[in-house]
Amino acid sequence: MASTPGVPAGQGGAVFAEATFDIASARWTWSPEMYVLIGVRDTGRDPSVLVFERMHPSDRPVVAEVLEQAVREPGPFAGQYRLRDDEERERVIAFVGDVIRDAAGEPTALRGIAFDVSRASRQVSAEAVAAATADRAAIEQVKGAVMFAYGLDADAAFGLLSRYSQRGNVKLATIASRVTDLMASQPEPGTERSLLQVLEQALRPPRRAAGRDDDEAETG
């Protein structure tokens, strides 16, 4: 599937893009949004070969080691790299990911989310954070959790939270508040959800409130 290349960061490009690595077949697959995010055409080639060809030479061994480590010892992973798009513009892409396990708890795949942390995109994130100054404590707490879980720097962690906010059209402060509540109610160690799963859930209104409303409607 062809996609529109060369979309400047923050100007109509994809907010998020996903990639999945199937452990059994040792193959990566990308969502169509990934090609928009990095600004290249889908030519049908192996996505991992495509991105490593475009990647800055200094970043290749670092990213390769992160991914190889994630495959050897499945768990949370993160990284950042620079690459040239089809218009010869440099983009800075950050990624975070988690392991997908089957019912028996065995790892079957890695799921990663990529987002643009180029200068223009960082400016959007900074503006979103500045607009939520009154709720900065919750945002800082969740940002710290993201940095700790995935080894991201402050800019990339803010970028990830901001892009979840954009994707769900939910205020950054609201997401941060929901995440802190969800993290506080996590189940016992070993059965808890990953932070990415918690962020996904934070885009939706709390189920408890909806349940109470339904109960009241039925008994009213």
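Both Tyr-81 and Phe-95 are buried, where buried stands for a relative accessible area under 20%, exposed for over 50% and partly exposed for values in between, computed with a 1.4 Å probe and the protein chains only. The model in which they sit is predicted, so that local features need pLDDT of at least 70 and side-chain atom pairs count only at pLDDT 80 or more, while totals for chains, interfaces and linings use all residues. Residues are numbered from 1 along each chain as its sequence is written, and side-chain values rest on heavy atoms, with hydrogens and water left out.

The protein has nine helices and five strands, which are DSSP runs numbered from the N terminus, with helices being H or I over at least four residues and strands being E over at least two. Followed along the sequence, these elements give the pattern β-β-α-α-α-β-β-β-α-α-α-α-α-α. Of the 220 residues in the protein, 41% are buried. Among contacts between residues at least 6 apart in sequence, 57% join residues at least 24 apart, a contact being heavy atoms within 4.5 Å.

The structure holds four aromatic pairs, in which rings of Phe, Tyr and Trp (its six-membered ring) have their centres within 6.5 Å, and planes under 30 degrees apart count as stacked, over 60 as edge-to-face and the rest as tilted. One of these pairs is formed by Phe-77 and Phe-95, which are tilted, at 6.3 Å centre to centre and with 50 degrees between the planes. This pair links distant parts of the chain, since Phe-77 is in strand 3 and Phe-95 in strand 4, 18 residues apart. Phe-77 counts as buried because its relative accessibility is 6%, and Phe-95 counts as buried because its value is 9%. The rings of Tyr-81 and Phe-95 have their centres 6.1 Å apart and their planes at 45 degrees, so this pair is tilted. Here too distant parts of the chain are linked, with Tyr-81 in strand 3 and Phe-95 in strand 4, 14 residues apart. Through such ring pairs, Phe-77, Tyr-81 and Phe-95 are joined into a cluster.

Side chains of opposite charge can pair when their charged atoms come close. The structure holds eight salt bridges, each a side-chain nitrogen of Lys or Arg within 4 Å of a carboxyl oxygen of Asp or Glu. In one of them the side chains of Arg-111 and Glu-18 meet at 3.0 Å, N to O. This pair links distant parts of the chain, with Arg-111 in strand 5 (residues 107–116) and Glu-18 in strand 1 (residues 17–22), 93 residues apart. Arg-111 is partly exposed because its relative accessible area is 21%, and Glu-18 counts as partly exposed because its relative accessibility is 30%.

Arg-111 also has a salt bridge with Glu-200, where the closest N and O atoms are 3.3 Å apart. Glu-200 lies in helix 8 (residues 195–202) and Arg-111 in strand 5, so the pair ties together parts that are 89 residues apart in sequence. Glu-18, Arg-111 and Glu-200 are in this way linked in a network of salt bridges. Leaving aside residues up to four places away in sequence, Glu-200 touches Arg-111, Ile-113, Tyr-164 and Arg-167.

Asp-85 is found in the loop between strand 3 (77–84) and strand 4 (90–101), and Asp-85 is buried because its relative accessible area is 0%. Asp-85 forms a salt bridge with Arg-91, in which the closest N and O atoms are 3.0 Å apart, and both Asp-85 and Arg-91 are buried. The side chain of Asp-85 also reaches the backbone nitrogen of Arg-89, at 2.9 Å.

A last stop is Ser-48, which is found in helix 2 (residues 47–54). The C-alpha atoms of Ser-48 and Ala-19, which are 29 residues apart along the chain, are separated by 10.0 Å.

Conventions
Polar contact = N/O pair within 3.5 Å; in protein donor to acceptor, adjacent residues only side chain to side chain.
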